[in-house]
Amino acid sequence: MAPAFRPKQPTRLPLQHGSLCNFPRNLALVSVLYSSERPEMTSHGGKPRKAKTMKEITLMKTKLVKKIMAPLVVACGLVGMATAGTPPLVGTEGGRLEGTWDMQITLTDCVGHTIRSFPSLIEFAAGGTVVESNAGTPQALKTPGEGVWSHATDHNYAFRFKFFTFNTSNVFTGWTIIAGETTVDKTGNANSGTATVKVYDPNGVLLVTLCAETAGARFEL
């Protein structure tokens, strides 16, 4: 008696990460996995015969490919819908404020009286840090402002920074904290906002609270 025939198992190939929606590649893979024809078998009369006709095999493979690929089509459609429904990140992650800005600061007494106006250069760095320098006070009498910023809503952002002050004899006289909000316009190249300026003595006692209006343009090459 001839030994029983044991069909050879099809070779399984690993799917690469991220290839779910790569239909040409998946079709080729399915073809490799399921294109093996059933081998010839020998009848009792000694004559070879086909396990199935070529037409039946082709029909079975076509149905199998459709069955495997259908879930992939649905999955990729859902991924596309999810991507289409995701709003752009511009303006929602703080990206639009990043950069260096040429600012004009108008200092007031918070009841409508202007004290003075002066230029300022401020950098909103990636990661949420602030570096500021202004012409309102001689640099020998103050340190650069340093602080933080974050996204609030839409194109609105909050910031807060601090600098230390000295007198003409280089004696430490206290510090100033400036906290405010600014809005970047649709072009991404201009912003405007308001801020509160609080001046403290060396012991941390609040001496005065002022207000400021800010307007600026992006500083570029």
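Here are some questions and answers on a few strands and loops of this predicted model.

The model is predicted, with local features needing pLDDT of at least 70 and side-chain atom pairs counting only at pLDDT 80 or more, while totals for chains, interfaces and linings use all residues. Residues are numbered from 1 along each chain as its sequence is written, and side-chain values use heavy atoms, leaving out hydrogens and water.

User: How many bridges join S5 to S6?

Analyst: Two strands pair if DSSP finds at least two bridges between them. S5 also pairs with S4, in the antiparallel sense over six bridges, and there Val131 is the partner of Glu123. Towards S6, Val130 has Gly147 as its bridge partner. S5 and S6 run antiparallel too, and the number of bridges joining them is four.

User: What phi does Gly127 take in the hairpin of S4 and S5?

Analyst: That hairpin has three residues between the strands. Gly127 takes a positive phi there, near 100°.

User: Is Ser120 buried or exposed?

Analyst: Ser120 sits in strand S4. It touches Trp101, Asp102, Met103, Ile105, Glu132, Ser133 and Asn134, leaving aside residues up to four places away in sequence, with contact meaning heavy atoms within 4.5 Å. Its relative accessibility is 5%, so Ser120 counts as buried.

User: Which residue has its backbone oxygen 3.3 Å from a polar atom of the Ser120 side chain?

Analyst: Ser120 is in S4, and its contacts include Glu132 and Asn134. The backbone oxygen lying 3.3 Å from a polar atom of its side chain belongs to Ser133.

User: What is the relative accessible area of Cys110?

Analyst: Cys110 lies in the loop between strand S3 (99–108) and strand S4 (114–125). Its phi is positive, about 75°, although it is not a glycine. Cys110 is partly exposed, at 35%.

User: Where does Asp154 lie?

Analyst: Asp154 isn't a glycine, yet its phi is positive, near 50°. It's exposed, with a relative accessible area of 57%. Its place is the loop between strand S6 (145–151) and strand S7 (156–166).

How values were computed: Helices (H or I, at least four residues) and strands (E, at least two) are DSSP runs, numbered from the N terminus. Buried means under 20% relative accessible area, exposed over 50%, partly exposed in between (1.4 Å probe, protein chains only). A polar contact is a pair of N or O atoms within 3.5 Å; within protein, one must be able to donate a hydrogen and the other to accept it, and residues adjacent in sequence count only if both atoms are side-chain atoms.
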